[in-house]
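Let's take a friendly walk through a protein model together. Have a look at the structure first, and then we will follow a few of its side chains.

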Amino acid sequence: MTDVTSAKSARRPHHWRRDLVELAAMFTAVAVADTIAKLIGHTPDGPFLLVASAVTLAATAAFHTWWARRHSNAPPTGATAGTATGAPGTEPDGPRETTLWRMRTTVRDTPGSLAALCGALARLDVDILTLQTHPLADCTVDEFLLRAPASLQAQELAREVAAAGGSGTWTERADAHDLVDTPTRVLGLATRTALDAAELPLALRQLLGRCTIRSRPAVSPTGRPTGETPPVEGVLEETVMRLRDPNGGAITVERAYLPFTPTEFARARALVELDARLGPRVPRSQDVLTLPEGNEITVRRADQGDVDAALAMHERCSARTLALRYHGPVQDADRYLNHLLSPRFGRTLAVETTSGRLVALGHLLWDGDETEVALLVEDTWQRRGIGSMLLERLVGMAAEAGCEHVYAVTQASNTAMVAAMRGLGLPLDYQIEEGTLVVTARLDAAAVPPRSLHERAEQAAPNGRARQSDQAER
């Protein structure tokens, strides 16, 4: 419908009865005026009374017109006048300094409860950027992404939210990465999980926020059942959820500061079901590097299909090399390979010769909310820069995954591992107890961005030459 059509349809059609009523009213008014004029005009002071009445009516009409115009055009008074009219001084001279907050609070599931909460935020000059609702039985958990004045403190925000009816309020600082809407973020996490089975723990952590994720196998490395197999539908217990691992065992997610909602539980279970349907998968990209003596080596991702090759490498390694790597009886080293090479517990890089022999392994292990790096290089291939190259790549992968720090556990006499950690150029912390050394590297984005780690990894070959190829199968 066009504007012209709308305007025409909005007009009231004139009717002949309305015209008759107006004519009757006019004739009646004329008759009444004529009668009054004749009665007053026959009196001695009649003409003066008629003139005075006319002047009084004209003055009254003029005053009424002036009064109506003055009060209809007057600006509103009060505190809202400056805001509504944009009076000078109501806006800051420049852009205000703001801070992003993530806030979660519980409100009653009644009409007006969310409006009261939004009104409290508006009084604090807080802008609501995104809102998610997690319905419960008799209440609703609302999760906000807020842009607030930099001067607003978390205690003041929580106090005002509580006064507006919110309970169990939790707040933390947010950053620009949180500006992505929830559907987009979930689809991105699903894509990462579909491409790499090792991404599932990281995807769960990014989906659920700051939490601890542990994968527990159904059978221990020594062959004993662990009893860690939850039901197919999973278990949700306030701050703990347990999901069945597609590879066997359980995935336990703990978040001590905030209970999980059924909505979050459903999202996590959907990611695990996607991983189960896709089955084992590892990206098959590989890099070919050239050593100073001219030998070429291939660096690629490894999985449980490389257990036999890893066992063969164990047989070629000395007892000292295995002891420095596994920190225990050498005869138990073979039992941990199936666990270490599982994508569920982290990522593994393998180094092969041109003949296909496995000569080095580098592990990046998800240990709850910690991340461990570990290296094993066959004796005859040590001191050629292979260990440092693997460590560079593993740390780059950890930085890309959003890990805040990585640590390596070794013996105090393992100078090669200590030198490799120092070669990262990152802030390091050392802890030693009874001959066991724990070196922690802080992945400070301000000091060493993840991109620079990748660039250094590409140059980790002793002569800096590398080429990359993609293969569907080895």
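**Charged pairs and their surroundings**

Glu-378 and Arg-316 form a salt bridge, with their closest N and O atoms 3.1 Å apart. A salt bridge here is a side-chain nitrogen of Lys or Arg within 4 Å of a carboxyl oxygen of Asp or Glu. This pair links distant parts of the chain: Glu-378 sits in the loop between β13 (370-377) and α13 (386-400), while Arg-316 belongs to helix α10 (residues 307-316), 62 residues apart. Helices (H or I, at least four residues) and strands (E, at least two) are DSSP runs, numbered from the N terminus.

Before going on, a word about the source: this is a predicted model, in which local features need pLDDT of at least 70 and side-chain atom pairs count only at pLDDT 80 or more, while totals for chains, interfaces and linings use all residues. Residues are numbered from 1 along each chain as its sequence is written, and side-chain values use heavy atoms, with hydrogens and water left out.

Are the two partners buried or exposed? Glu-378 counts as buried because its relative accessibility is 4%, whereas Arg-316, at 30%, counts as partly exposed. The cut-offs are under 20% relative accessible area for buried, over 50% for exposed, and partly exposed in between (1.4 Å probe, protein chains only).

Now turn to Glu-143, which meets Arg-102 in a salt bridge (3.0 Å, N to O). Arg-102 lies in strand β1 (residues 98-108) and Glu-143 in strand β3 (residues 139-149), 41 residues apart, so this pair too links distant parts of the chain. Arg-102 is buried, at 18% relative accessibility, and Glu-143 is buried as well, at 10%. The side chain of Glu-143 also meets that of Arg-104 in a salt bridge (2.6 Å, N to O). Arg-104 is in strand β1, 39 residues apart from Glu-143, and both of these residues are buried. A search of the whole structure finds 14 salt bridges.

Finally, step back to the protein chain as a whole. Its secondary structure comes to 15 helices and 17 strands. Of its 474 residues, 37% count as buried. Among contacts (heavy atoms within 4.5 Å) with a separation of 6 or more, 64% are between residues 24 or more positions apart. How many disulfides does the count come to? With a disulfide taken as a pair of cysteine sulfur atoms within 2.5 Å, the count comes to 0.
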